[in-house]
Amino acid sequence: MTQSGQQTPANSAENPWPVRSVAVKVMQWIERLGSVWVEGQVTQISLRPGARTAFLVLRDPSADMSLQVTCEADLLRRSPVPLQEGSRVVVYGKLTFFTGRGTLSLRVVEIRPVGVGELLARIARLKALLDAEGLFDPRLKRPLPFLPRTVGLITGRASAAEHDVVSVAENRWPAVRFAIRNTAVQGPTAVPQILEALAELDRDPSVDVIVLARGGGSVEDLLPFSDEALCRAIVAATTPIVSAIGHEPDNPLSDYVADLRAATPTDAAKRVVPDAAAELAGVRELRARSAAALRGWVDRETRALAQLRSRPVLADPLREIDRRGEEIARLRTAARRDVDHLIRAEYTATRHLREKLTAVGPAATLARGYAVVQRVTGAERHVVRTIEDAPAGSQLRIRVADGAVTAAALGTRELGARQHTGGK
């Protein structure tokens, strides 16, 4: 609403705001922010002799963003630590929007250079944070391929680190292929460029391992390799990453989150590709050892066969059969002799029994003069044992040694009594 109490018309295509209104509104919103502390890296300093105002460009070390900064020239001249491009600073000031040009600038009244001690303390705090999140866990480390198809290399343009990695790797394995991405390795543009190159190589399916290489430097120079965004990008990558920064006293944080830390770029080249000469020598040694082992095995088996062939059972295979045949012949002879003896003994016993039977049999009795008397009654025959079995008038059959006699009983008489006739 306006001061007179009338409602301001809504902004629309029919009722647009003029540029001055938009500029004033932006200025009013920015002024509400008040004074702020800002940290960044100085990428440009413009300080003309005799000028009362100095111009700087303050850049975020982890992103491609920058901010225009103005200050009194004496503020730079009185700085206890001379500022130069690449210096990390903390400034205090107020954002100002210039409506006439539509530009934004940070007017600072205090500049504090960030010393090495403060940088190391920040790195230590970030290291503790990443370690607490488990990003240094050895179980997260991915193994390097034995023979990568393509090696991704992120390093400075025409740097000694690039020369060392490429030359050493090609000497070890002449067929190695590289996908090289040259980026800034220090300064405010290093982290964004390295992140872009890392993402590009990680997306390439032919790249099997990525090497971050730099030939050492001061703590300030190595700050990009301790950046939190870069460390998290290394952990999130799917391709194994080797950190070869080449700085022994104070390792950057990329050494801890990478899958492998190499002491130098040369060491990285030795880690990512095998030594062709050493591998060929190893193959030759294995072939020689396998050939020797095979010859030794053949010799042992030959000796074993010779020993087997020299045994009696194999030297004369029929010997045991002949020996067994002789034994079987002896056993057959003995068995036949025993059977013959048994048969003769049984034959003799049978003959004796037959003679005994013959001696006590009826034929022998009849031959001595005895006879068998039978009473014939029709078709039946009954042996006469007593005089009652043959009453007078009975038809009798008398069997003697050489035949039978038919007779009739005329009468009976008991031993010691007179004869009885049939009629009395």
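**Reading surface, salt bridges, strands and core**

Reader: Is Arg139 buried or exposed?

Author: Arg139 is exposed, with a relative accessible area of 73%. The general idea is a cut-off: a residue counts as exposed over 50% and as buried under 20%, with partly exposed in between. Keep in mind that this is a predicted model.

Reader: With which residue does Asp137 form a salt bridge?

Author: The partner of Asp137 is Arg139, and their closest N and O atoms are 2.8 Å apart. To read such a pair, look at the distance and then at the cover of each partner. Asp137 is partly exposed, because its relative accessibility is 22%, whereas Arg139 reaches 73% and is exposed.

Reader: How many salt bridges does a search of the whole structure find?

Author: The search finds 12. Another one joins the side chains of Glu200 and Arg181, at 3.2 Å from N to O. For any pair, ask where the two partners lie along the chain. Here distant parts of the chain are linked: Glu200 is in helix α5 and Arg181 in strand β7 (residues 178-182), 19 residues apart. Both ends are partly exposed, Glu200 at 35% and Arg181 at 23%.

Reader: What separates Glu327 and Arg324 in helix α11?

Author: About one helical turn separates them, because they are 3 residues apart in that helix, which covers residues 317-360. Glu327 is partly exposed at 28%, and Arg324 is partly exposed at 41%. Elsewhere, salt bridges with shared partners connect Glu133, Glu228 and Arg232 in one network.

Reader: Next, strands. In which sense do β1 and β2 pair?

Author: For a pair of strands, read the sense, the number of bridges and the residues that face each other. Strand β1 (residues 35-46) and β2 pair in the antiparallel sense, over 5 bridges. Ile45 stands opposite Leu56 in β2. Between the strands of this hairpin are 6 residues, and Gly50 takes a positive phi near 85° there.

Reader: With which other strand does β2 pair, and over how many bridges?

Author: β2 also pairs with strand β3 (residues 66-72), again in the antiparallel sense, over 7 bridges. In that pairing Leu58 stands opposite Leu67 in β3. As for cover, 5 of the 7 residues of β2 (residues 53-59) are buried, so the strand is mostly covered by the under 20% cut-off.

Reader: Which residues touch the most other members of the largest nonpolar core?

Author: Ile154 and Ile234 do, in a core of 29 residues. Next, see which elements supply a core. Those giving two or more residues to this one are α3 (116-132), α5 (190-203), β8 (207-213) and α6 (228-236). The most comes from α5, with 5 residues.

Reader: What is Ile154 in contact with, leaving aside neighbours within four places in sequence?

Author: The contacts of Ile154 include Ile194, Ala197, Leu198, Leu201, Ile210 and Leu212. Arg181 is also among them; that is the residue that meets Glu200 in a salt bridge.

Reader: Which residues make the nonpolar surface patch?

Author: Leu305, Leu308, Val313 and Leu314 make a patch of about 360 Å². Two elements give two or more residues to the patch, α9 (276-310) and α10 (312-315). Val313 is found in helix α10. Val313 is exposed because its relative accessible area is 55%, and the cut-off is over 50%.

Notes:
Residues are numbered from 1 along each chain as its sequence is written. This is a predicted model: local features need pLDDT of at least 70, side-chain atom pairs count only at pLDDT 80 or more; totals for chains, interfaces and linings use all residues. Side-chain values use heavy atoms; hydrogens and water are left out. A nonpolar core is a set of buried Ala, Val, Leu, Ile, Met, Phe, Trp, Tyr and Cys residues joined through side-chain atoms within 4.5 Å. Buried means under 20% relative accessible area, exposed over 50%, partly exposed in between (1.4 Å probe, protein chains only). Helices (H or I, at least four residues) and strands (E, at least two) are DSSP runs, numbered from the N terminus. Contact means heavy atoms within 4.5 Å. Patches are made of residues with over 30% relative accessible area and no salt bridge: like charges are joined within 9 Å, nonpolar side chains (Val, Leu, Ile, Met, Phe, Trp, Tyr) within 5 Å. Accessible areas come from the Shrake-Rupley method with a 1.4 Å probe; for residues, only the protein chains shown count as cover. A salt bridge is a side-chain nitrogen of Lys or Arg within 4 Å of a carboxyl oxygen of Asp or Glu. Two strands pair if DSSP finds at least two bridges between them.
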